[in-house]
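The following briefing is intended for a reader who is new to this structure. Please keep the sequence and the model in view while reading.

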Amino acid sequence: MEGKARNAPALLFFSFTCVLLSLSTTTISTSPQFQTLTVNPLPNKPTLSWADTEPESEPETQTLTDSTSSEASTTTSLSLQLHHLDALSSDKTPQDLFNSRLARDASRVKSITSLAAAVGSTNRTGARGPGFSSSVISGLAQGSGEYFTRLGVGTPARYVFMVLDTGSDVVWIQCAPCKKCYSQTDPVFDPTKSRSFANIPCGSPLCRRLDSPGCSTKKQICLYQVSYGDGSFTYGDFSTETLTFRGTRVGRVALGCGHDNEGLFIGAAGLLGLGRGRLSFPSQAGRRFSRKFSYCLVDRSASSKPSYMVFGDSAISRTARYTPLVSNPKLDTFYYVELLGVSVGGTRVPGITASLFKLDSTGNGGVIIDSGTSVTRLTRPAYVALRDAFRVGASNLKRAPEFSLFDTCFDLSGKTEVKVPTVVLHFRGADVSLPASNYLIPVDNSGSFCFAFAGTMSGLSIIGNIQQQGFRVVYDLAASRVGFAPRGCA
């Protein structure tokens, strides 16, 4: 449904789709083979409160410098508060929220694996809007978006909800007039009321950066289209506009101004793409933010602190353990890393080797870090070996029936804490020891806890946000690496 454009607060969704299966505080026991899990119930619906407010006057605009530019520029750092999608849900129980999260998660994983499977195929195109010969299918549904933040669009800034997503590249927002717009929380952005909005000509270098640009022959302006794996799509004018982040204004950001947006979108105004592609916000911002950003997804039941994201040099953590990023020439959006093995209870699992996670020359296989997937998926042979090793280590715990996608569950009713085997992910150059609450999670309020990994028949493995919670996850694109700082949300 189309909203009226007016100046009003709004917000942003972080498909960074990120942790919130949240759980409990973990303390390390004296033995390296086991650690303590505090038994907490499913978290309640989070409250929505903003530490940052809209500026009373317009701050000075900082012109965005392209990452490919040879011009020197002053680097800037900024921090954004993140909130989970559950904060906007009304009249839902903790169980309802958890079940909905798992359903969104399944949809996202299906989209990601479908996209990855298509990289070697020519069947990735499909035209919808006029002026297009074809369009690349992105594969990610915005319905998977889990986190949002406050963002100003235009001059003067209109504040809106936006999804933040490390699995998408193109930045876009719904725009008036709408041919068809879905219902969003705030008024639809009207570009005619912004002094900084500008269309992009068809033949410009920015237009050519689109995977499959279109052109309005009547106006000679660039057109964009993004089609998602669930059939949702956004189509409209490719433009430049000013974005405001907590008082820091970034000018000339290339974004889609969508006049036809249809499908399974949540009530956000649009999406801020944080992927590795050329048109993502980190790639566009380039030297302005030193090609660095990080986020910290807080365990709700263990801390009242908000989750947050940082852009710029301040995103780097000295305590982070870094692993090199791996390039997939067939698919530049995702953040690929090398997973060499996994340990359970202080011992490497013999059935899990680097060969199970190899990214081959055709772009198939590999391991990605994804903020929008909740439950980590490992290629089936690796998952079975990990699950079996964990079952042996946790044989002292009472088993419970399977739940949803989880096949290894335990009945911890009546307990306040239990000892569980340690789990360590061995990336190239970085051993990441997980807190117990990052892999044994409550699935109901009756004391049922499940092992928060799952197998996939796809060759692509995905490290999800449950395993990332409590870490500061650093994306240092300048050095082509990803880092994990334990207890990094303080």
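**Backbone features in loops**

Ser404 is located in the loop between strand S23 (399–400) and strand S24 (409–411), where helices (H or I, at least four residues) and strands (E, at least two) are DSSP runs numbered from the N terminus. This is a predicted model, in which local features need pLDDT of at least 70, side-chain atom pairs count only at pLDDT 80 or more, and totals for chains, interfaces and linings use all residues. Residues are numbered from 1 along each chain as its sequence is written, and side-chain values use heavy atoms, with hydrogens and water left out.

- Although Ser404 is not a glycine, its phi is positive, near 55°.
- Ser404 is exposed, with a relative accessible area of 56%; buried means under 20% relative accessible area, exposed over 50%, and partly exposed in between (1.4 Å probe, protein chains only).
- Arg487, in the segment after strand S33 (481–485), is likewise a non-glycine residue with a positive phi, of about 50°.
- The relative accessibility of Arg487 is 73%, and this residue counts as exposed.
- The peptide bond from Thr155 to Pro156 is cis, with omega near -5°; Pro156 belongs to the loop between strand S6 (147–153) and strand S7 (158–165).
- Ala176 and Pro177 are also joined by a cis peptide bond, with omega about 0°, and Pro177 sits in the loop between strand S8 (172–174) and strand S9 (198–199).

**Annotated active site**

- The unreviewed UniProt entry places the feature "active site" at Asp165 and Asp370; UniProt positions are given in the numbering used here, feature names are shortened, and annotations may be inferred rather than shown by experiment.
- These positions span 206 residues in sequence, yet no two of their C-alpha atoms are more than 8.7 Å apart, so they gather at one spot.
- Asp165 is part of strand S7 and counts as buried at 1% relative accessibility.
- A polar atom of the Asp165 side chain lies 2.8 Å from the backbone nitrogen of Gly167.
- Asp370 occupies the loop between strand S21 (367–369) and strand S22 (376–379), and is buried with a relative accessible area of 1%.
- The side chains of Asp370 and Thr373 are joined by a polar contact of 2.6 Å (a pair of N or O atoms within 3.5 Å; within protein, one must be able to donate a hydrogen and the other to accept it, and residues adjacent in sequence count only if both atoms are side-chain atoms).
- Not counting residues up to four places away in sequence, Asp370 touches several residues, including Arg108, Thr166, Gly167 and Asn465, contact meaning heavy atoms within 4.5 Å.

**Nonpolar cores**

- The largest nonpolar core has 75 residues, of which Phe281, Phe427 and Tyr439 touch the most other members; such a core is a set of buried Ala, Val, Leu, Ile, Met, Phe, Trp, Tyr and Cys residues joined through side-chain atoms within 4.5 Å.
- Helix H4 (residues 380–393) gives the most to this core, with five residues.
- Another core, of 19 residues, lies apart from it, with Phe148, Trp172, Tyr224 and Ala254 among its members.

**Strand S29 and its partners**

- In strand S29 (residues 448–451), Ser448 and Cys450 point one way and Phe449 and Phe451 the other way, and all are buried.
- S24 and S29 run antiparallel and are joined by three bridges; two strands pair if DSSP finds at least two bridges between them.
- Opposite Ser448 in S29 stands Asp411.
- Strand S28 (residues 440–442) pairs with S29 in the antiparallel sense over three bridges, and Phe449 in S29 is the bridge partner of Pro442.
- S28 and S29 form a hairpin with five residues between them, and Gly447 in the turn has a positive phi of about 95°.
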